[in-house]
Amino acid sequence: MWNLQQLDLADNNMTAIALNSTRFPPQIHALGLERNLLTNLDLSYIPVKDMYIDVAHNLITSFDVNGTSPNVTSLQMACNPIDCSWYSAEQKESAVCERDHEVVYQERSSPESFSFKSVLIRYSFVKRDCSLRSNTFYVKHE
């Protein structure tokens, strides 16, 4: 694990990730988290230099550019409720977050024989060329 250079966790229906661990692989330089269900992103502590992070096509609604670790040199956030992308350390200094879509949450109960309920999430984008996306995932029903 200590020689890991890239980690692709795309398309896993992840709803959260903690990136504030001191146990980061020291050689890693790229983290792919695109097409998940992430709603927030904290990049305040990234211990490795020259990190590229891709969180495109998630559900991220807020992000603190100024609180981001200087080690994050490239961030891809297209097709989120908020897009604060930058592609170099210089661009990060003047990064502007844009909002331009809506998110609709719908909950549907599953048949009585199932112990899960489905949650349908739809979002569409007005300004950017992001296709309409729908995800259905199942949450344990207590």
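Me: What are the ground rules?

Reply: This is a predicted model, where local features need pLDDT of at least 70, side-chain atom pairs count only at pLDDT 80 or more, and totals for chains, interfaces and linings use all residues. Residues are numbered from 1 along each chain as its sequence is written, and side-chain values use heavy atoms, with hydrogens and water left out.

Me: What is the mean pLDDT of the chain?

Reply: The mean is 79, and 70% of the residues reach 70 or more. pLDDT is the predictor's confidence in each residue, from 0 to 100.

Me: Where is it below 50?

Reply: Residues 113–124 are one such stretch, with 62 contacts in the model beyond near neighbours in sequence. Residues 132–142 are also below 50, with 38 contacts counted that way. Where pLDDT is low, the predicted coordinates should not be read in detail.

Me: How do β2 and β3 run?

Reply: Parallel, with 3 bridges joining β2 (residues 30–32) to β3. Strands pair if DSSP finds at least two bridges between them. L31 has I53 in β3 as its bridge partner.

Me: And from β3 to β4?

Reply: Also parallel, with 4 bridges. I53 partners L75 in β4.

Me: Which residues have the most contacts inside the largest nonpolar core?

Reply: L43, I46, I53, V55, F63 and L75, in a core of 23 residues. β3 and β4 each supply at least two of the core's residues. Such a core is a set of buried Ala, Val, Leu, Ile, Met, Phe, Trp, Tyr and Cys residues joined through side-chain atoms within 4.5 Å. Buried means under 20% relative accessible area, exposed over 50%, partly exposed in between (1.4 Å probe, protein chains only).

Me: What does V55 touch?

Reply: Leaving out residues up to four places away in sequence, V55 touches L33, E34, L38, L41, I60, L75, Q76, M77 and N80.

Me: How many aromatic pairs?

Reply: 1. The ring centres of F63 and W86 are 6.4 Å apart and the planes sit at 35°, so the pair is tilted. The rule: rings of Phe, Tyr and Trp (its six-membered ring) pair with centres within 6.5 Å; planes under 30 degrees apart are stacked, over 60 edge-to-face, the rest tilted.

Me: Which parts does that pair tie together?

Reply: F63 is in the loop between β3 (51–54) and β4 (72–76), and W86 is in the loop between β5 (82–83) and α1 (89–93), so the pair links parts 23 residues apart in sequence.

Me: F63 and W86: buried or exposed?

Reply: Both are buried.

Me: And T73, buried or exposed?

Reply: Buried, at 19% relative accessible area. T73 lies in β4. Its contacts, beyond four places in sequence, are D50, M51, W86, Y87, S88 and A89.

Me: Switching to backbone. What is phi of N13?

Reply: Near 55°, a positive value in a residue other than glycine. N13 is in the loop between β1 (6–8) and β2. It is partly exposed, at 40% relative accessibility.

Me: And phi of R35?

Reply: Near 55°, positive, and again not a glycine. R35 is in the loop between β2 and β3. Its relative accessibility is 34%, so R35 counts as partly exposed.

Terms used
Contact = heavy atoms within 4.5 Å.
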